[in-house]
Amino acid sequence: SPQGVEEVTWVVSEAEKRLFSWAYWQFKYYGDFTTASRPGTQESFYDAEGNLQFAKVKALSRTYAQATCGIPISSIFNETSSHYKLVYKSVDCKQQPTEIYLNEQWYYPKGFSASVIPSSAASVNHVSSNVLHIVHAASLPVGTEITVEVFASK
């Protein structure tokens, strides 16, 4: 339901604000006795007829940093505008990238742009569908505050 999608969005947004990880595991309802929802299909990605609950899956498929080469300060995704902003302090990463997941099909269907501030700190590489690597400059001082932003093309 729209109310259920709002609830999912609220929960993951609140976790994100606190830099908490989260997981959602009910792919299909197979008589899972642990669910509190009745009918259990409400918790599933699919309804009782086997149709994908698109709005719920989209709400869970947010842009986020899968790995941060640094100490995260904030990570915020706006599901309405598809704007994502990650702020972190660099550490000595031995050339390991920060990796960002983004659902290009659902949130960036017309493409996207990404930027790093300061621009000399790193470059953005679109390494595969739905994955960006932020590759840090070899001379990047430890403790540099880095901001990465992703914007949907209009």
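Predicted model: local features only at pLDDT ≥ 70, side-chain atom pairs only at ≥ 80, totals over all residues.

Guide: Residues are numbered from 1 along each chain as its sequence is written, and side-chain values use heavy atoms, with hydrogens and water left out.

Visitor: Which pattern does the protein follow along the sequence?

Guide: Helices (H or I, at least four residues) and strands (E, at least two) are DSSP runs, numbered from the N terminus. By this assignment the protein has 3 helices and 8 strands. Read along the sequence, the pattern is α-α-β-β-β-β-α-β-β-β-β.

Visitor: What percentage of the residues count as buried?

Guide: Buried means under 20% relative accessible area, exposed over 50%, and partly exposed in between, with a 1.4 Å probe and protein chains only. Of the 154 residues of the protein, the buried share is 38%.

Visitor: Which residue is the bridge partner of I100 in strand 7?

Guide: Strand 4 (residues 98-101) and strand 7 (residues 131-136) pair in the antiparallel sense over 4 bridges. Within strand 7, the bridge partner of I100 is L132.

Visitor: By how many degrees are neighbouring strands turned on average in the sheet with the order 2-3-8-5?

Guide: This open sheet of 4 strands, in the order 2-3-8-5, has antiparallel pairing. Strand 2 and strand 5 stand at its edges, each with a single partner strand, so one side of each is left without a neighbour in the sheet.

Visitor: Which residue in strand 8 stands opposite S113?

Guide: Strand 5 and strand 8 (residues 145-152) run antiparallel and are joined by 6 bridges. The residue in strand 8 opposite S113 is F151.

Visitor: How far apart are the sulfur atoms of C69 and C93?

Guide: A disulfide is taken as a pair of cysteine sulfur atoms within 2.5 Å, and a search of the whole structure finds 1. C69 and C93 form a disulfide, with a sulfur separation of 1.2 Å.

Visitor: How many residues apart are C69 and C93, and where do they lie?

Guide: C69 is buried at 6% relative accessibility, and C93 is buried at 13%. The pair links distant parts of the chain: C69 lies in the loop between strand 1 and strand 2, C93 in the loop between strand 3 and strand 4, and the separation is 24 residues.

Visitor: Is S82 buried or exposed?

Guide: S82 lies in the loop between strand 2 and strand 3 (84-90). Its phi is near 70°, a positive value in a residue other than glycine. With a relative accessible area of 6%, S82 is buried.

Visitor: What is omega for the cis peptide bond that joins I117 and P118?

Guide: P118 lies in the loop between strand 5 (112-117) and strand 6. The cis bond joins I117 and P118, and omega is about 0°.

Visitor: Which strand gives the largest share of the lining of the second largest pocket?

Guide: On a 1 Å grid over the protein atoms alone, a pocket is an open set of points where a 1.4 Å probe fits, with protein on both sides within 12 Å along at least five of seven lines; lining residues have an atom within 4 Å of a point. The second largest pocket is lined by 16 residues, of which F20, S21, Y64, A65 and S75 lie nearest its centre. The elements that give two or more residues to this lining are strand 1 (64-67) and strand 2 (70-77). The largest share, 4 residues, comes from strand 1.

Note on methods: Pairing = 2+ DSSP bridges.
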